[in-house]
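Please read what follows with the model open beside the text, turning to each part as it is named. The walk begins with a pair of helices, moves on to the sheet, and ends with a few single residues.

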Amino acid sequence: MLDNVKVILVGTSHSGNIGSAARAMKVMGLNQMVLVDPQCEVDAQAIALAAGASDIALKATVVKTLDEAVADCVLVVGSSARSRTLEWPMLEPRQCGEKFVEEGQNHSVAVVFGRERTGLTNEELQRCHYHVCIPANPEYSSLNLAMAVQTICYEIRVAYLTRQQAQHLPASEQDYPRHKELEMFYQHLEKVLLTTDFISPQQPGQVMNKLRRLFSRARPEAQELNILRGMLTAVEKSLASKS
């Protein structure tokens with residue numbers, strides 16, 4: 001199951017953080033690192049700070065966008081401080097680990113970490129099903145990137161070991177859509193809402209952001225998403241027959 005977990009670093013600017021994150025991952029048995037639009041290379045500093053986990057840093061997959069990184073994932077969790085401007089389903093680190101073990105038995109799952117100084121953008125956070133917030137000391141909550149990776153990877157490993165000790169528990173029977181399928185649904189939904197004048201072409205994001213939040217909270221299964229797509233297609237056919 002741990003082989004199905006992707007640790008995604010977005011816009012990393014310090015190579016040492018890549019190496020330190022690789023070390024944090026390997027200690028917890030994770031091996032899939034993905035770098036999204038890195039602002040540095042895996043250099044000598046990264047190798048030095050990996051301290052024996054350089055294989056993970058050197059074989060890291062490099063992509064341009066977060067969408068590419070999570071296209072095949074059924075669960076995407078973004079690491080973020082709690083925000084008043086972007087309400088989203090939140091997980092505690094312990095819940096995050098349990099969620100990953102539940103849904104990562106047979107499918108790819110991903111935890112996403114943002115830039116060292118600015119974290120993830122709102123747009124990137126909206127690509128996630130959940131956000132995870134590490135409940136640090138509010139008077140001093142400064143965690144560096146590798147520390148955050150270590151904390152979440154630890155919770156994933158603890159949940160994994162707990163499940164291993166209870167092997168009689170069945171794997172989740174729920175079949176969730178992959179990220180790329182969700183994005184196709186959102187594009188289809190926006191197209192229909194524009195066609196029916198439900199949303200304004202000038203400001204489609206205001207409603208679409210709220211709808212993304214709604215569906216992220218609801219977590220439709222693959223079959224349910226197919227029903228929703230079918231409903232949208234039926235609306236389009238009805239409109240076409242009347243025009």
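This is a predicted model: local features need pLDDT of at least 70, side-chain atom pairs count only at pLDDT 80 or more; totals for chains, interfaces and linings use all residues.

A crossing of two helices is called left-handed if the near helix is turned anticlockwise from the far one by less than a right angle, and right-handed if the turn is clockwise. Sorted by class, the contact of helix 8 with helix 9 holds eight nonpolar residues, one polar residue and three charged ones.

Helix 1, which covers residues 15-27, and helix 7, which covers residues 145-165, have axes that come within 8 Å and cross at roughly 15 degrees. Because angles under 35 degrees count as roughly parallel, helix 1 and helix 7 are described as roughly parallel to each other. Helix 1 passes helix 7 in a right-handed crossing, and the residues that make the contact are Asn17, Ser20, Ala21, Ala24, Met25 and Val27 from helix 1, together with Leu145, Ala146, Val149, Gln150 and Cys153 from helix 7. In the contact of helix 1 with helix 7 there are eight nonpolar residues and three polar ones, while no charged residue takes part.

The next part to find is the sheet. Strands of a sheet pair through backbone hydrogen bonds, in either a parallel or an antiparallel way. In this model an open sheet is built from seven strands in the order 3-2-1-6-4-7-5, and its pairing is parallel. Its edges are formed by strand 3, at 61-63, and strand 5, at 90-91, each of which pairs on one side only.

Strand 1 is mostly covered, with six of its six residues buried. In a regular strand the side chains alternate between the two faces of the sheet. In strand 1, Val5, Val7 and Leu9 point one way, whereas Lys6, Ile8 and Val10 point the other way, and all of them are buried.

Elsewhere in the sheet, strand 4, residues 73-79, runs parallel to strand 7, residues 130-132, and three bridges join them. Val77 stands opposite Tyr130 in strand 7. Packed on the sheet is helix 5, residues 93-103, which touches strand 1, strand 4, strand 5, strand 6 and strand 7, and whose direction makes about 165 degrees with that of strand 4. Which residues of helix 5 are buried? They are Pro93, Cys96, Gly97, Lys99, Phe100, Val101 and Glu103. What covers these buried residues of helix 5 includes strand 1, strand 4, strand 5, strand 6, strand 7 and helix 7.

Some single residues remain to be visited. His179 lies in helix 8, residues 179-195, and its relative accessible area of 3% means that His179 is buried. Leaving aside residues up to four places away in sequence, His179 touches Asp67, Val70, Ala71, Cys73 and Arg127.

Most residues other than glycine have a negative phi. Ala51, although not a glycine, has a positive phi of about 50 degrees; its place is in the loop between helix 2, at 44-50, and helix 3, at 54-58. With a relative accessibility of 46%, Ala51 counts as partly exposed. Asp197 is not a glycine either, yet has a positive phi of about 60 degrees, and lies in the loop between helix 8 and helix 9. Is Asp197 buried or exposed? At 67% relative accessibility, Asp197 counts as exposed.

Technical notes
Residues are numbered from 1 along each chain as its sequence is written. Side-chain values use heavy atoms; hydrogens and water are left out. Axes are lines fitted to C-alpha atoms, for helices over the stretch in contact, and angles run from 0 to 180 degrees between N-to-C directions. Helices (H or I, at least four residues) and strands (E, at least two) are DSSP runs, numbered from the N terminus. Angles under 35 degrees count as roughly parallel, over 145 as roughly antiparallel, 65 to 115 as roughly perpendicular and the rest as oblique. Contact means heavy atoms within 4.5 Å. Ala, Val, Leu, Ile, Met, Phe, Trp, Tyr, Cys and Pro count as nonpolar, Asp, Glu, Lys and Arg as charged, and the others, Gly among them, as polar. Two strands pair if DSSP finds at least two bridges between them. Buried means under 20% relative accessible area, exposed over 50%, partly exposed in between (1.4 Å probe, protein chains only).
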